[in-house]
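Hi everyone, thanks for coming.

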Amino acid sequence: MLGTGTDSQAVEVEGNAGVSDQLKSLQINNNQQGDDNHVLSQDSNGKGISPPEKKDDDGEQGDEQAGIESQEITKKKKKKNKSKKKKEPLQQTDPPSIPVVELFPSGDFPEGEIQDYKDDNLWRTTSEEKREMERLEKPIYNAVRQAAEVHRQVRKYMRSIIKPGMPMIDMCETLENTVRKLISENGLQAGIAFPTGCSLNWVAAHWTPNSGDKTVLQYDDVMKLDFGTHVDGHIIDCAFTVAFNPMFDPLLKATQDATNTGVKEAGIDVRLCDVGAAIQEVMESYEVEINGKIFPVKSIRNLNGHSIGSYQIHAGKSVPIVKGGEQTKMEEGEFFAIETFGSTGKGYVREDLECSHYMKNFDAGHIPLRLPRAKQLLATINKNFSTLAFCRRYLDRIGESKYLMALKNLCDNGVVQPYPPLCDIKGSYVSQFEHTILLRPTCKEVISRGDDY
């Protein structure tokens, strides 16, 4: 019996049992795949949907990793922004109490006023060799700039609080304690360079109150405030004058102009006598009217500026403030205190009044001392002051007592030098201004210059 084509194929397949089994299994698999595809291609409502795309595992992991990294970067940026907001530069308090090293965390302190050299030394400004010399000296420059920054901040504060009726001893102790805080006083490494001079009226220099002194600042006083700071023995010697009564303004102006003239004229290879002549010319061009009487302003002829060395306030060279001084020249690398004194008196000072300032002689070798108390006092001086100047109040502060006999013995033996107050004629008035300058290889730096003077 002949059947359809399908039937005949079925007969043939049945004739081969092994092949038949394989075909059946293939057919079943195909049907199952068809059913699966049919299920995947319909949603619950019977509508067709496209099957989801497959992502390879590596791609998924890469996307996740990129997302995590971007989140971490965002978090870091936020943290940085927060830290920037928190770390604003410190501002000095009022009254000052923050050490200047904390105000300048980089460790670099502000440069003073720069003045170029003139004439034959103009080439120094662009000399690469001289610039290299300055780079080698940077640690010294930075130390003295730190001392200058302390001086500026302390004097700014003192100017704001000094008033008539203030006891002189309180004023000095306030100033000195402020210096100690701001300079981070540390033995002989950093601190006060010499006693606070606060000489009044006809007293030109070297007066500070001893313990128990009752002197009070008056409205009609002319006070010279001369104090020093040092870091590693590099000294800033800088002074200004305080007068409340405006009738003294021309006297103060004369001295300030004369000091600025001295600073301007100073330089490498400049003769000291030429600086003195320029200072005197400016100083004595002024006059001042006091209580209806006109006085010419005179340069005090036996007071001088001076060179400054390490732990040595007077290093050997004197800068006169009148003409006719010595022919010695200023040299590269030297520090100088340019200070001028203008007086309504004779223009000449002499030693007078009770001594308060003392200083160990810089060149004093070993001198045998018989008095045990003198030996003990010398050991105290060496430890606390070395060759820096000190006053009786400083000895009191470190616990010394009944030391006057021993101190006199040290002076008599030439170990310590007394510096009594220097006075013009009684009833006259003396004004003073002073700056410390450095004759750098490429330029002149007025280290102690500030916004005030």
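UniProt, in an unreviewed entry, lists Asp 226, Asp 237 and Glu 434 under "binding site". The positions follow the numbering used here, the feature name is shortened, and such annotations may be inferred rather than shown by experiment. These residues are spread over 209 residues of sequence, yet they cluster in space, with a largest C-alpha distance of 8.3 Å. Asp 226, Asp 237 and Glu 434 are included in the lining of the largest pocket.

A word on the source: this is a predicted model, where local features need pLDDT of at least 70, side-chain atom pairs count only at pLDDT 80 or more, and totals for chains, interfaces and linings use all residues. Residues are numbered from 1 along each chain as its sequence is written, and side-chain values use heavy atoms, leaving out hydrogens and water.

Now, Asp 237. It lies in strand S5, residues 234-243 (strands are DSSP runs of E, at least two residues, numbered from the N terminus). Asp 237 is buried, at 3% relative accessible area; buried means under 20%, with a 1.4 Å probe and protein chains only. Its side chain makes a polar contact with the side chain of His 306, at 3.2 Å (N or O atoms within 3.5 Å, one able to donate a hydrogen and the other to accept it).

And Glu 434? That residue sits in strand S17, residues 430-439, and is buried too, at 0% relative accessibility. Among the residues Glu 434 touches are Asp 226, Asp 237, His 306 and Tyr 453, where contact means heavy atoms within 4.5 Å.

Key:
On a 1 Å grid over the protein atoms alone, a cavity is a set of points where a 1.4 Å probe fits but cannot get out, and a pocket is an open set with protein on both sides within 12 Å along at least five of seven lines; lining residues have an atom within 4 Å of a point. Helices (H or I, at least four residues) and strands (E, at least two) are DSSP runs, numbered from the N terminus. Buried means under 20% relative accessible area, exposed over 50%, partly exposed in between (1.4 Å probe, protein chains only). Lists of a residue's contacts leave out its neighbours within four places in sequence.
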